[in-house]
Amino acid sequence: MYAHALCSGIELNCRRLPPGTTLSRAASISQQQIIKCVFRQESNSNGAAAPTVGSKNGAGNVGRGRHEWQSACAILASKVVSQQQQDQKSAVDGGDGRSVMNGRPQLDLVPVKDSGGLALPKPLSIADLSPAPMHGSKLRVAYQGVPGAYSEAAAGKAYPNCEAIPCDQFEVAFQAVELWIADRAVLPVENSLGGSIHRNYDLLLRHRLHIVGEVQLPVHHCLLALPGVRKEYLTRVISHPQALSQCEHTLTEMNLTVAREAVDDTAGAAEYIALNNLRDTAAIASSRAAELYGLQILADGIQDDSGNVTRFVMLAREPIIPRTDRPFKTSIVFAHDKSGTSVLFKVLSAFAFRNISLTKIESRPHRNRPIRLVDDANVGTAKHFEYMFYIDFEASMAEARAQNALAEVQEFTSFLRVLGSYPMDMTPWTTPPSTTVD
């Protein structure tokens with residue numbers, strides 16, 4: 001009587017098949033090996049069962065367990081596979097294109113194709129995380145607004161041939177630089193007519209970016225509308241609030257009986273008119289916005305003051321090294337705990353004694369501690385705002401007088417932070433003449 005027990009030959013052989021062996025071929029190999037790995041039990045003349053493997057005489061193997069037979073089958077199968085790999089070695093090296101390492105053929109799980117085929121993603125290298133290129137190189141520069149905004153023009157002036165990245169909010173531009181989505185941000189901080197952009201001063205204090213430069217951009221407003229629209233058909237004008245205020249007198253002199261509505265930005269107003277085909281609405285924006293969105297210029301240079309200039313700052317993750325070979329400007333912010341004007345007087349005296357000119361000084365309420373009690377005698381009655389002071393002065397932090405001035409300021413203040421020391425924008429600018437289309 002024969003009792004046949006197969007030693008999982010199919011699974012055993014599949015784990016040891018040479019690379020490239022198909023399932024149909026594996027089945028034929030397995031059948032050959034299974035024949036050699038049969039666990040047999042045959043009765044002898046006395047009726048006792050004597051197991052044998054590879055021998056007709058199994059008397060010496062009486063008492064061995066099943067696991068020893070499985071081990072013998074595994075050894076036998078490995079020898080068969082090894083012999084087959086040696087037989088196939090010459091064919092593998094002969095021209096099927098596979099490489100050989102340690103005597104075994106290597107298969108490409110994902111074939112690498114030619115330049116005309118599939119291109120695999122390139123892994124990040126240390127160069128991808130290195131500091132951004134220097135001024136004027138190909139940079140990713142974030143700005144607030146849509147294409148055609150004045151901020152985009154300022155980014156192009158600050159970094160020629162840059163990749164401008166539009167952002168819907170000022171804070172998004174800050175975050176784009178912090179998250180390495182952009183290398184720089186160019187944001188407005190003040191206008192010669194409208195004054196400071198307070199939102200960005202607050203964001204400068206909230207984020208840890210550094211001012212690395214400035215650029216001054218002349219603002220040249222245009223009245224834009226859809227092609228074929230005449231001024232007398234207009235019922236409203238839309239633009240940024242500061243653009244509306246900067247053109248208020250000119251719009252009145254043009255005898256336009258229009259409603260004036262504020263939107264997020266100037267170029268966004270032009271885009272809104274073009275997308276919605278508004279033939280009764282005009283926008284105040286740049287000439288580039290007219291070109292981008294297919295609008296005509298009804299009036300060119302409608303700002304009330306020809307000297308309308310907006311100052312932008314360039315922000316980066318790391319500060320630049322201050323120098324003394326060209327005019328530099330330094331921006332700081334500080335706060336003090338003591339009330340009264342004596343502390344502010346001492347701070348200003350630190351700059352005056354060293355002949356350092358201030359180009360800007362502005363106070364903003366401290367957002368973290370907006371209200372503070374004066375003293376115990378006036379608890380519940382006398383309260384006042386605690387202010388942060390922003391100052392720009394014409395000196396480089398590489399100069400000893402600037403370092404000594406800030407050392408003295410630090411003695412009188414409870415908080416002092418240098419926002420940046422950067423080159424001044426000394427480029428001249430001109431304003432084109434104004435024209436009107438009837």
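User: How many bridges join E17 to E21?
Analyst: This is a predicted model. In it, strand E17 (residues 328-335) is joined to strand E21 (residues 387-393) by 6 bridges, and the two run antiparallel.

User: Which residue stands opposite isoleucine 332?
Analyst: Isoleucine 391, in E21.

User: And what is the strand order in the open sheet?
Analyst: The order is E18-E21-E17-E22, which makes 4 strands with antiparallel pairing.

User: Which strands are at the edges?
Analyst: Strand E18 (358-365) and strand E22 (415-423); each of them pairs on one side only. From one strand to the next, the twist averages 15 degrees.

User: Which helix lies across E17, E18, E21 and E22?
Analyst: Helix H6, residues 198-206. H6 runs at about 95 degrees to E21.

User: Switching to helices. At what angle do H11 and H12 pack?
Analyst: Helix H11 (residues 342-352) and helix H12 (residues 400-412) pack at about 170 degrees, and their axes are 8 Å apart. Angles over 145 degrees count as roughly antiparallel, so that is how H11 and H12 are described relative to each other.

User: Which residues make that contact?
Analyst: On H11, they are Val343, Lys346, Val347, Ala350 and Phe351. H12 contributes Ala405, Leu406, Glu408, Val409 and Phe412.

User: How many of the residues in the contact of H11 with H12 are nonpolar, polar or charged?
Analyst: In the contact of H11 with H12, 8 are nonpolar and 2 are charged, with no polar ones.

How values were computed: Residues are numbered from 1 along each chain as its sequence is written. This is a predicted model: local features need pLDDT of at least 70, side-chain atom pairs count only at pLDDT 80 or more; totals for chains, interfaces and linings use all residues. Side-chain values use heavy atoms; hydrogens and water are left out. Axes are lines fitted to C-alpha atoms, for helices over the stretch in contact, and angles run from 0 to 180 degrees between N-to-C directions. Angles under 35 degrees count as roughly parallel, over 145 as roughly antiparallel, 65 to 115 as roughly perpendicular and the rest as oblique. Contact means heavy atoms within 4.5 Å. Ala, Val, Leu, Ile, Met, Phe, Trp, Tyr, Cys and Pro count as nonpolar, Asp, Glu, Lys and Arg as charged, and the others, Gly among them, as polar. Two strands pair if DSSP finds at least two bridges between them.
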